[in-house]
Amino acid sequence: MLGTIWINLGFGMLAFLVTLGTAVASNVWLVSLERAGIAFVLFFLAAFPIRWLLATFIQASTPPMVTDSLEGTSSPLAEGGVVLEIGQQLEQEDETFAPTSIDKMERIHPTEDPATVAEVVRRLSDE
């Protein structure tokens with residue numbers, strides 16, 4: 001199953017609070033609490049099959065790992081720890097990769113044009 005019991009409790013508490021908030025406006029508090037309790041139990045129990053269905057769909061959608069049967073090994077990982085999928089070939093890339101150094105990152109200064117800053121502040125204040 002996907003997740004833990006806390007997901008069920010969260011669904012139940014959400015249903016309890018929404019039901020209590022909406023029912024208290026038109027009912028006495030005892031009836032509202034009763035209906036909220038029923039909603040908690042129903043949503044708590046309904047979360048179990050929902051979690052189970054999500055787990056089965058997620059498992060079905062993930063591709064199976066391919067083992068390297070040509071060399072007789074049963075490891076699902078290819079060279080370098082890369083998982084191979086069906087029909088893919090492992091391509092060796094150039095070993096000349098060099099990460100960006102801190103000196104290069106410090107030299108790049110963002111444009112702090114006052115017009116640009118004002119436009120950003122206007123956009124953020126509208127949202």
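This is a predicted model: local features need pLDDT of at least 70, side-chain atom pairs count only at pLDDT 80 or more; totals for chains, interfaces and linings use all residues.

Q: How many aromatic pairs does a search of the whole structure find?

A: Two. In one of them, the ring centres of F40 and F44 are 5.9 Å apart. Their planes are at 20°, so that pair is stacked.

Q: Is F44 buried or exposed?

A: F44 is buried, because its relative accessible area is 19% and the cut-off for buried is under 20%.

Q: And how are the rings of F44 and F48 arranged?

A: Edge-to-face, because their planes are at 90°. The centres of those two rings are 5.6 Å apart. F44 and F48 are also four residues apart in helix α2, about one turn.

Q: What do F40, F44 and F48 form?

A: One aromatic cluster.

Q: What about the accessibility of F40 and F48?

A: F40 counts as partly exposed, at 22% relative accessibility. F48 is partly exposed too, with a relative accessible area of 27%.

Q: OK, new topic. Which residues form the nonpolar patch on the surface?

A: V24, V28, W29, L30, V31 and L33. Together they have about 580 Å² of accessible area.

Q: Where is V28?

A: V28 is in the loop between α1 (5-23) and α2 (29-61).

Q: Why does V28 count as exposed?

A: Because its relative accessibility is 55%, and exposed means over 50%.

Notes. Residues are numbered from 1 along each chain as its sequence is written. Side-chain values use heavy atoms; hydrogens and water are left out. Patches are made of residues with over 30% relative accessible area and no salt bridge: like charges are joined within 9 Å, nonpolar side chains (Val, Leu, Ile, Met, Phe, Trp, Tyr) within 5 Å. Accessible areas come from the Shrake-Rupley method with a 1.4 Å probe; for residues, only the protein chains shown count as cover. A salt bridge is a side-chain nitrogen of Lys or Arg within 4 Å of a carboxyl oxygen of Asp or Glu. Helices (H or I, at least four residues) and strands (E, at least two) are DSSP runs, numbered from the N terminus. Buried means under 20% relative accessible area, exposed over 50%, partly exposed in between (1.4 Å probe, protein chains only). Rings of Phe, Tyr and Trp (its six-membered ring) pair if their centres lie within 6.5 Å; planes under 30 degrees apart count as stacked, over 60 as edge-to-face and the rest as tilted.
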